[in-house]
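Please look at the sequence and the 3D structure shown here. The report below can be read alongside them.

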Amino acid sequence: MRNFKRILFATDFSSAAAHALSYAISLALEHESMLFLVHVIEEDRFSPPYSFGSRPVQVEYGYDIEERSREELSKHISPQVKRQIHVEEILLKGKPYVEIIRTAREKNADLIVIPTHGHAGIKHSHLGSTADRVIRKAPCPVLVIRHPDFEFTMP
């Protein structure tokens with residue numbers, strides 16, 4: 001088996017991501033890897049609703065999202081695990097798949113671990129899938145983890 005020394009885990013803070021994180025941590029512990037914990041704030045979600053173009057409201061809203069995301073990232077992995085492996089928390093803004101791939105290249109990741117929500121059919125085709133796009137464009141292997149509670153449905 002290949003030795004993964006630099007693992008990138010992409011999270012959207014969903015229950016699917018929490019489930020997939022256990023795989024990333026297990027692999028990082030087994031391979032004594034560095035773990036990059038990445039969350040991307042989507043650009044289109046960065047604007048507050050009903051702002052009427054008010055720049056101070058947008059800045060304040062953006063700061064609040066960033067602060068909450070930083071807090072969530074810092075709580076994502078227990079201090080006990082952080083004592084066993086090196087964890088780097090990375091908060092980015094942009095299109096998730098683009099930033100995940102860019103960060104994987106910059107950090108020379110050996111593996112990307114990413115959750116999937118298992119959407120299929122019309123919902124999948126309209127929204128696209130971050131996991132699908134990462135799989136197609138990643139510079140390294142990608143391990144996609146589906147939460148067992150998300151039932152697979154035929155399109």
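## The model

This is a predicted model, in which local features need pLDDT of at least 70 and side-chain atom pairs count only at pLDDT 80 or more, while totals for chains, interfaces and linings use all residues. Residues are numbered from 1 along each chain as its sequence is written, and side-chain values use heavy atoms, with hydrogens and water left out.

Helices (H or I, at least four residues) and strands (E, at least two) are DSSP runs, numbered from the N terminus.

## The sheet

Five strands form an open sheet in the order β3-β2-β1-β4-β5, with parallel pairing. The edge strands are β3 and β5, each of which pairs on one side only. On average, neighbouring strands of this sheet are turned by 25 degrees against each other, direction ignored. Such angles run from 0 to 180 degrees between N-to-C directions, and the axes are lines fitted to C-alpha atoms, for helices over the stretch in contact.

Two strands pair if DSSP finds at least two bridges between them. Five bridges join β1 to β2, where phenylalanine 9 stands opposite leucine 37 in β2. β1 is joined to β4 by three bridges, and the partner of isoleucine 7 in β4 is leucine 111. Five bridges link β4 to β5 (residues 142-146); here threonine 116 stands opposite arginine 146.

## Strand β4

Buried means under 20% relative accessible area, exposed over 50%, and partly exposed in between (1.4 Å probe, protein chains only). Six of the six residues of β4 are buried, so this strand is largely enclosed by the rest of the structure. Both of its faces are covered: Leu111, Val113 and Pro115 lie on one side, and Ile112, Ile114 and Thr116 on the other.

## Helices on the sheet

Helix α4 (residues 96-106) has the buried residues Pro96, Tyr97, Glu99, Ile100, Ile101, Thr103 and Ala104. They pack against β1, β2, β3, β4 and α6, where contact means heavy atoms within 4.5 Å. α4 lies across β1, β2, β3 and β4 and runs at about 140 degrees to β3. α6 also packs on the sheet, touching β4 and β5, and its direction makes about 155 degrees with that of β4.

After α4 comes asparagine 108, whose phi is positive, near 55 degrees.

## Histidine 39

Histidine 39 lies in strand β2. This residue counts as buried because its relative accessibility is 9%. Leaving aside neighbours within four places in sequence, histidine 39 is in contact with Thr11, Asp12, Phe13, Ser69, Leu73, Ile90, Leu91 and Leu92.
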